[in-house]
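Hi,

Here is the structure I promised to pass on. Please open it beside this email and follow along.

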Amino acid sequence: MNRETVQILGIFAHLDIFTQAIREMRRLGYNNLTVFSPVPRHEIEEALEGEKSPVRLFTLSGGILGGLTGLILTIATSLHYPMITGGKPIVSIVPFLVIVFELTILFGALATILGMLINIRLPRLRLRLGYDPRFSEDRFGLGVRCAWDEAERVQDFLRRAGAEEVRHAGD
């Protein structure tokens, strides 16, 4: 965190008040929000209005790579070790499609897992700034990154929005 910005943390007890505070902060123009929740809730995702996950691009690229790998593997194997039977062509695509399909699924699944781990930044060796153990039990947290001169206004807004506790995230 640099010197010009500060993260203000509001702790909420109820989901509906929490999601309303998220919507209001986004309406006011604060888009750099950090959300802590004890359980995944679709209401929070809807309030954050996040963009689509880039994991799907990992899956697509893994599937394409797997299909090409399967095709190249089967064709190269047939050309290097030809087995001519009854005048049939050495490279016959139809029987190779089983291997192509299997490698497409395998590489797509592995790329999905890799993309997920990269995007959720695992493994985490230390907890994020502002984490409170209550966020794993029964409280919701909203961290708002803002400029130093706006910190007091954000704190007042979070208190009016229904936060039980408002503090700087580093405290």
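Glu 165 is partly exposed, because its relative accessible area is 29%. Here buried means under 20% relative accessible area, exposed means over 50%, and partly exposed lies in between (1.4 Å probe, protein chains only).

Before going on, a word on the source. This is a predicted model, in which local features need pLDDT of at least 70, side-chain atom pairs count only at pLDDT 80 or more, and totals for chains, interfaces and linings use all residues. Residues are numbered from 1 along each chain as its sequence is written, and side-chain values use heavy atoms, with hydrogens and water left out.

**Salt bridges**

Which residues does Glu 165 meet in salt bridges? One is Arg 134, at 2.9 Å from N to O. That pair links distant parts of the chain. Glu 165 sits in strand β4 (residues 165-168), while Arg 134 is in the loop between α4 and β3 (140-147), 31 residues apart. Another is Arg 167, at 3.1 Å from N to O. A salt bridge here is a side-chain nitrogen of Lys or Arg within 4 Å of a carboxyl oxygen of Asp or Glu. Helices (H or I, at least four residues) and strands (E, at least two) are DSSP runs, numbered from the N terminus.

Arg 134 also forms a salt bridge with Asp 132, with the closest N and O atoms 3.0 Å apart. Together, Asp 132, Arg 134, Glu 165 and Arg 167 are linked in a network of salt bridges. How covered are its other members? Arg 134 is partly exposed, at 27% relative accessibility. Asp 132 is buried, at 9%. Arg 167 is buried too, at 15%.

**Two packed helices**

Two packed helices are described by the angle between their axes and the distance between the axes. Helix α3 (residues 55-80) and helix α4 (residues 93-119) pack at about 145 degrees, with axes 6 Å apart. The axes are lines fitted to C-alpha atoms over the stretch in contact, and angles run from 0 to 180 degrees between N-to-C directions. The crossing of α3 and α4 is right-handed. That word applies if the near helix is turned clockwise from the far one by less than a right angle; anticlockwise is left-handed. Which residue classes make the contact of α3 with α4? The contact has 15 nonpolar, 14 polar and no charged residues. Ala, Val, Leu, Ile, Met, Phe, Trp, Tyr, Cys and Pro count as nonpolar, Asp, Glu, Lys and Arg as charged, and the others, Gly among them, as polar.

**Beyond the helix pair**

Leu 110 is in helix α4. Leu 110 also belongs to a nonpolar surface patch of about 610 Å², made with Leu 106, Ile 113, Met 116, Leu 117, Ile 120 and Leu 122. Such a patch takes residues with over 30% relative accessible area and no salt bridge: nonpolar side chains (Val, Leu, Ile, Met, Phe, Trp, Tyr) are joined within 5 Å, like charges within 9 Å. Accessible areas come from the Shrake-Rupley method with a 1.4 Å probe; for residues, only the protein chains shown count as cover.

Arg 121 lies in the loop between α4 and β3. Its phi is near 60 degrees, a positive value in a residue other than glycine. Arg 121 counts as exposed, at 57% relative accessibility.

Last, look at Val 6. Val 6 is in strand β1 (residues 5-12). Is Val 6 buried or exposed? Val 6 is buried, because its relative accessibility is 4%.

Best wishes
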